[in-house]
Structure formats: C-alpha cells, structure tokens
Amino acid sequence: MPGPYVIRGSVLLPEAELLWRFSRSSGPGGQHVNTSDSQVELRFDLAKTQALPEVWKSRALERLAPRLVDGVIAVRASEHRSQWRNRETAATRLASLLAEATAPPPRPRRATKIPRGINERRLREKKSRSQTKRGRSGRDWG
C-alpha cells in the first residue's frame with residue numbers, strides 16, 4: 001500500500017493507529033464477489049491519537065462529533081472490486097476528512113462600505129430603466 005497519507009503539512013496518518021476491517025462487498029462482481037472480502041472499513045481513534053497537534057485534535061473532535069463513536073471515526077470503501085484499491089480509497093478519504101476537519105476557521109469578513117459613486121450610478125440606471133419602461137405603456141396611443 002503506498003503511503004504515507006498526508007493530512008496537512010508534515011502531519012501524516014500514522015499506520016500503527018489505523019484499524020482495518022474487511023468484509024464481503026455488495027454489488028457486481030460475479031462469483032468473485034462471493035469469495036473475496038473487498039469492502040474495507042478503516043477506523044481511526046481520534047480521541048487517543050498522538051499524531052495530531054492538540055489544537056487540530058480538539059478542532060477535529062468538535063467538527064466530526066456527529067460522525068464519531070466513542071472518539072473513533074470510521075470510513076468505508078467498496079467502490080472497487082479489488083481490496084487493495086478500496087484500502088487506497090478509504091485511507092485517502094480519511095486523510096482528506098481529517099484535513100478538512102483540522103483546517104483553521106476562515107478569517108472573519110470585514111464589512112466594507114459601498115462607494116458613493118457606485119450607489120449613485122446604480123440609482124441613475126434604475127431611473128433610466130424606469131423611464132424606458134414607462135415609455136412603453138400604450139396610454140398615449142389612442
């Protein structure tokens with residue numbers, strides 16, 4: 001399995017803390033599907049990990065709270081017929097999920113004032129549009 005999976009920067013998914021579970025996958029595959037455990041479930045104990053900085057860990061625990069079961073996050077992959085490709089997919093999915101959950105919050109938006117010239121131009125255009133539309137009414141045609 002090509003690794004290591006980068007979460008962000010120099011922080012990696014620790015191979016020792018990943019728990020893999022394999023089961024039979026549903027879907028197409030013919031007789032092959034009945035004999036191979038190609039579905040992959042990858043579990044990562046977010047609450048007990050030492051791989052993430054403390055700030056990231058608390059941020060991830062807060063953001064992923066609905067998905068966690070006793071501090072453990074689980075990711076499933078069964079798109080491919082090959083267990084190896086499903087392992088790749090699950091690990092990549094977990095890494096991107098953690099990258100998104102540990103990202104710093106966006107900077108707050110600074111309110112800006114609309115320049116007076118832009119506002120005046122908008123009002124001028126509204127007035128001219130109104131005149132154009134008023135000129136279309138058939139009141140004068142008799």
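This is a predicted model: local features need pLDDT of at least 70, side-chain atom pairs count only at pLDDT 80 or more; totals for chains, interfaces and linings use all residues.

Biologist: Why is Ser 38 called buried?

Modeller: Buried means under 20% relative accessible area. Ser 38 has 5% relative accessibility, so Ser 38 counts as buried. Ser 38 is found in the loop between α1 (32-35) and β4. Leaving out residues up to four places away in sequence, Ser 38 touches Ser 23, Ser 25, Ala 77, His 80, Arg 81, Ser 82, Gln 83 and Asn 86.

Biologist: What share of the protein do buried residues make up?

Modeller: Buried residues make up 31% of the 142 residues.

Biologist: Why is Asp 70 called exposed?

Modeller: The cut-off for exposed is over 50%. Asp 70 reaches 77% relative accessibility, so Asp 70 counts as exposed. Asp 70 lies in the loop between α2 and β5.

Biologist: What makes the phi of Asp 70 worth a remark?

Modeller: Most residues other than glycine have a negative phi. The phi of Asp 70 is near 55°, a positive value in a residue other than glycine.

Biologist: How do you know that β4 and β5 pair?

Modeller: Pairing needs at least two bridges between the strands. β4 and β5 have six bridges, in the antiparallel sense. Asp 45 stands opposite Val 72 in β5.

Biologist: Which strands are the edge strands, and what makes them so?

Modeller: Three strands form an open sheet in the order β3-β4-β5, with antiparallel pairing. β3 and β5 are the edge strands, as each pairs on one side only. From one strand to the next, the twist averages 20°.

Biologist: Where does α3 lie relative to the strands?

Modeller: α3 lies across β3, β4 and β5. Its angle to β5 is about 140°.

Biologist: Why are α2 and α3 called roughly perpendicular?

Modeller: Two packed helices are described by the angle between their axes and the distance between the axes. α2 and α3 pack at about 100°, with their axes 8 Å apart. The range for roughly perpendicular is 65 to 115 degrees. α2 and α3 are therefore roughly perpendicular to each other.

Biologist: Which residues meet there?

Modeller: From α2, Trp 56, Arg 59, Ala 60 and Arg 63. From α3, Glu 100, Ala 101 and Thr 102. By class, the contact has three nonpolar, one polar and three charged residues.

Biologist: Which residues of the largest nonpolar core touch the most other members?

Modeller: This core has 26 residues. Ile 7, Leu 13, Phe 44, Leu 46, Leu 64, Leu 94 and Leu 98 touch the most other members. At least two residues each come from β3 (18-23), β4 (39-45), α2 (54-63), β5 (72-77) and α3 (83-102). α3 gives the most, with eight residues.

Biologist: What does Leu 98 touch?

Modeller: Contact means heavy atoms within 4.5 Å. Beyond four places in sequence, Leu 98 touches Ile 7, Leu 13, Phe 44, Leu 46 and Leu 64.

Biologist: How many contacts in the protein join residues at least 24 apart?

Modeller: The share is 64%, among contacts between residues at least 6 apart in sequence.

Definitions and conventions. Residues are numbered from 1 along each chain as its sequence is written. Side-chain values use heavy atoms; hydrogens and water are left out. A nonpolar core is a set of buried Ala, Val, Leu, Ile, Met, Phe, Trp, Tyr and Cys residues joined through side-chain atoms within 4.5 Å. Buried means under 20% relative accessible area, exposed over 50%, partly exposed in between (1.4 Å probe, protein chains only). Helices (H or I, at least four residues) and strands (E, at least two) are DSSP runs, numbered from the N terminus. Axes are lines fitted to C-alpha atoms, for helices over the stretch in contact, and angles run from 0 to 180 degrees between N-to-C directions. Angles under 35 degrees count as roughly parallel, over 145 as roughly antiparallel, 65 to 115 as roughly perpendicular and the rest as oblique. Ala, Val, Leu, Ile, Met, Phe, Trp, Tyr, Cys and Pro count as nonpolar, Asp, Glu, Lys and Arg as charged, and the others, Gly among them, as polar.
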